[in-house]
Amino acid sequence: MAVWLVRGTQARLAERLAEFFCQFGPGAASEDALRQACGILREQLDAEVVLAWKLDAARGYLETVAASSPDWDVLSILSPDGFPPCREVLERQEPLWINPAEVPDALLPPPLAGAGGLLMLPLGANGHCFGCLWVVFERAEPPTAEEQALGRGVARAVSLLLERDLLSQECQELRQRHRARTALAAEWHLLGLRPAMLGRLVAAATELSGASACGLYEYLPDRFRCCAAAGSAHLLPAELPLGDTSLLPWMRALALGRVVEVSGEERVGALKTWLPALAQFEGPVRFWPLGTIDRPLGVLLACGGSGEEADWSLLSLLAAFALEHLRSLEGEEHTRQRYDALFQHLPAGAFFLDRAGVVLAANPFLVRWSGYEAEEIERGPLASFLSPADWEAVSLWLQSPAPPAFRASVEWRRKDGGGRACELLLHALAEDDSQSGEPPLVLGFLRDTAAERELEEQWRWYVARWQGVLDSLYDGVWVLSPEGEVEAVNQRLAQLLGISLQQIGADTSQAEAIEHLAPQLASPDAARARWQHLAAHPEEVFSEELELRRPTRRVLERFARPLLDDQRQLVGRLEVYRDITPQRLLEDKIVEREKLAQVGQLVSGIAHELNNPLTAVTGYAQLLLTSSLPPRVREKAERLAQEAERAGRIVRNLLLFARRGKAERQVLELNEVLERTLALRAYELKVQNIQVVRDYAETPPVVVADPHQLQQVFLNLLLNAEHAIRSQPEHGRLTLRARGPSAAGRVEVEIADTGPGVPPDLLPYIFDPFVTTKQPGEGTGLGLYISRLLVREHGGDIRVESTAGGATFVVDLPVHRPRDGVREAPRTFGAARGRAPARARQSPRILVVDDEPTVAQLVADALTQDGYQVSVHTESQHALTEALRQPFDLAICDIRMPGLDGPAFYRLLRQQQSSLADRLLFTTGDTLARETGDFLEQVRLPFLPKPFHVEELQRRVRELLEEKRRSPAGGEPRAWKPASQASG
């Protein structure tokens with residue numbers, strides 16, 4: 001059969017079965033439903049007839065209950081044992097196809113003799129066997145799998161129908177048994193078995209049996225208590241003990257569930273220990289159990305007598321019922337007492353209401369709270385205490401008071417005319433059952449919510465204030481429960497972590513928030529592990545640093561501590577996050593400055609060590625050039641002098657850049673400052689193939705500034721430009737421009753690069769502290785900020801212009817305007833150069849003191865060349881001795897020397913009142929040291945920085961000797977002026 005045809009058939013079958021179940025719902029006749037099912041199956045399978053057989057398990061045969069054709073009702077009863085295939089279907093609960101021609105005629109029912117085939121389908125559900133269906137075919141071919149599936153579907157539907165009938169029958173039987181028990185209980189209740197009737201029951205037992213004494217004992221958790229007794233009461237104890245079942249006959253009676261009789265020696269042995277009076281009794285003692293083994297109620301004790309067994313059974317039954325009824329009455333009394341105590345002392349309004357809305361009873365709290373008398377509330381309509389709108393909602397619920405309970409906020413009208421907000425709660429106590437005879441009741445509660453609303457307002461106010469305090473903190477705050485749930489968080493924490501407040505706020509757990517935060521962290525796994533450890537040990541105090549990489553790089557200090565109540569119990573956990581990024585950057589900057597200071601000290605020592613040999617190399621090269629040399633030798637001497645001069649400039653630039661001290665402003669040419677700054681990076685720019693373009697004005701711009709601070713600004717801009725160019729794949733170009741002055745009296749210095757430029761989002765903040773375009777570890781973000789401060793201190797400013805082709809930083813400064821029409825010559829960093837004046841006609845005596853023999857000899861050679869008499873000493877102590885003994889016109893002394901240094905040499909001359917103390921020319925290669933500068937400023941004597949030119953030395957000696965010749969003997973010392981500024 002085609003698949004689409006099978007699906008169509010199944011769909012039609014499903015529709016027919018749906019109609020079948022809708023038509024034969026609860027209460028429909030099973031025969032009609034079975035007959036309809038047989039018709040559906042016959043139609044679907046194109047069968048000759050379909051029969052429904054129902055199994056009578058008690059009788060052991062099948063009975064025909066329905067057929068698709070009335071002609072086949074002749075098979076009314078069939079024994080499964082007489083037809084084995086049918087028994088097999090019922091036992092295995094599996095469909096079976098048989099060919100009647102293959103079945104012996106003795107076993108085959110007569111109407112099936114001419115059939116072509118028979119398909120038997122079992123009817124069963126949930127372990128129950130209801131019968132089977134016979135599908136009789138004219139053809140002899142077995143049904144297909146699709147036809148068998150259709151048959152099983154119909155059989156399943158019929159089985160469910162039969163199971164419904166079975167369940168309905170069982171329910172009906174249960175209802176009948178329930179009604180019988182209810183009627184029996186009512187009849188026993190009419191007998192008046194009250195606690196006072198227990199004595200009459202025991203007395204009747206004594207009369208019927210002729211016993212000497214009878215007692216009824218109730219089973220309690222710790223003993224048997226005598227409830228009633230008759231006859232010889234002295235034989236009966238007030239209590240029976242609990243104990244071993246084998247020793248105590250009343251315990252054995254309860255355990256066995258039957259009467260136990262004790263007589264003769266057994267009676268004496270079993271009773272003398274616990275019941276000595278009964279042990280002396282000569283007749284038999286019987287114990288009848290009351291109740292069941294699982295639910296013992298007590299025992300009925302009889303001393304002697306006889307009687308019919310039926311009478312004792314009835315008496316024990318009545319006694320058991322009486323005890324149970326007694327317990328029930330006692331339980332009801334206890335319940336009533338508890339109810340009265342609860343109803344009377346309930347700290348809330350409570351009342352009973354019928355379905356019509358009439359108040360049946362009200363507790364004292366409601367009476368006091370409302371201001372009414374009890375009679376004014378009870379038997380009055382509830383509507384008189386509610387507003388029309390509130391009563392409408394209540395009356396609508398009372399029409400069908402089904403769960404859930406009615407709950408609403410209403411306004412209760414008090415007797416004084418005022419209203420009070422409260423919460424009304426109504427519960428239906430019993431379903432509406434006319435057979436119970438009891439009127440349906442509704443239990444109502446009134447709860448005053450005015451205080452709660454006030455508390456809620458206070459709570460909202462406290463929460464708002466608490467959240468306001470949190471949001472006003474500069475630090476991020478997280479308040480967590482002991483289980484790790486977020487209870488409070490402030491806006492600052494979301495800003496620091498760079499995620500939304502909803503991702504870390506209330507109604508989330510910290511574990512979920514950490515997963516949202518993980519992409520922001522520099523080390524998410526390590527941070528997650530620390531969080532998990534703290535969640536497992538919330539009582540620990542914890543502090544660490546947390547590094548974020550998104551949205552901006554930050555370093556947060558995280559402090560966590562437990563929150564404890566006054567009992568030192570854990571009630572939560574507090575975590576505080578503080579942004580320490582500026583602190584870390586400042587610490588890094590301090591470390592960097594310390595390193596620079598150390599470098600400065602190192603440069604000072606290196607410069608001193610280099611300046612001495614450089615002075616000798618430079619000086620002797622110049623001396624060679626003053627003599628007659630062959631051309632090839634002169635060319636080499638000139639190269640030697642040039643390279644020595646180049647090395648000297650490098651050392652001087654290092655000393656100038658690293659020099660410490662307060663700002664000293666002077667007139668400067670910007671072109672020279674730019675060139676000296678560029679010289680500090682000339683080698684690096686050359687090896688990195690960065691082209692340097694100079695575009696200076698023909699007339700150099702002149703400003704008044706501190707040369708070292710201005711050089712620091714230009715060097716920082718050059719380093720930034722160099723870094724930007726190196727970030728590009730191709731080598732770029734660095735352009736330096738100097739313009740001015742403008743009409744407004746300003747000069748500008750431009751430093752442009754061909755790098756990637758400044759990102760547009762950072763351009764407005766590029767001069768803010770800690771803002772940088774460099775990678776972490778390559779910059780602190782303070783260079784441009786400090787440069788701008790230095791330029792603004794000079795009355796100028798810095799601005800930036802950026803495009804995709806590079807960035808241009810423009811330094812704007814005020815131009816220097818000479819006063820009174822006199823042009824002041826700008827100062828330079830180096831020593832002045834000039835031609836030497838005519839040599840002196842006399843031959844003065846000069847003392848040279850220097851611990852470097854080469855430098856000392858150079859000075860001697862240069863001065864001897866000018867015709868001076870020179871005495872050279874490399875040991876300062878020997879030089880001092882000679883200076884005090886011999887007359888000298890001038891002394892040239894180095895400042896830094898082992899043993900007796902230059903300052904000590906000067907002080908000893910001053911102590912000895914030697915006039916040579918005022919005719920000292922100091923030389924030094926350590927101009928960076930603070931003590932050197934302080935000494936020279938204090939004594940105000942001239943000095944020459946190393947390395948110096950021979951011409952400069954010769955010129956300065958001539959000038960000093962000329963001043964000595966013009967100055968009167970014993971006159972005041974002349975004003976101090978550095979040798980490098982003598983020509984100014």
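Mentor: Here is the sheet, strand by strand, and then its helices.

This is a predicted model, where local features need pLDDT of at least 70, side-chain atom pairs count only at pLDDT 80 or more, and totals for chains, interfaces and linings use all residues. Residues are numbered from 1 along each chain as its sequence is written, and side-chain values use heavy atoms, with hydrogens and water left out.

The sheet is open and has five strands, in the order 19-18-22-21-20. Pairing is antiparallel. Strands (E, at least two residues) and helices (H or I, at least four) are DSSP runs, numbered from the N terminus. Two strands pair if DSSP finds at least two bridges between them.

Strand 19 (486-489) and strand 20 (542-548) each have a single partner strand, so one side of each lacks a neighbour in the sheet. On average, neighbouring strands are turned by 20° against each other, direction ignored. Axes are lines fitted to C-alpha atoms, for helices over the stretch in contact; angles run from 0 to 180 degrees between N-to-C directions.

Now the pairing of strand 21 (residues 554-564) with strand 22 (residues 570-579). These two strands are antiparallel and share nine bridges. Leucine 563 faces glycine 572 in strand 22.

Two helices follow. Contact means heavy atoms within 4.5 Å. Helix 13 (residues 450-472) lies across strand 18 (476-480) and strand 19. Its angle to strand 19 is about 60°. Helix 17 (residues 524-536) lies across strand 18, strand 20, strand 21 and strand 22. Helix 17 runs at about 150° to strand 20.
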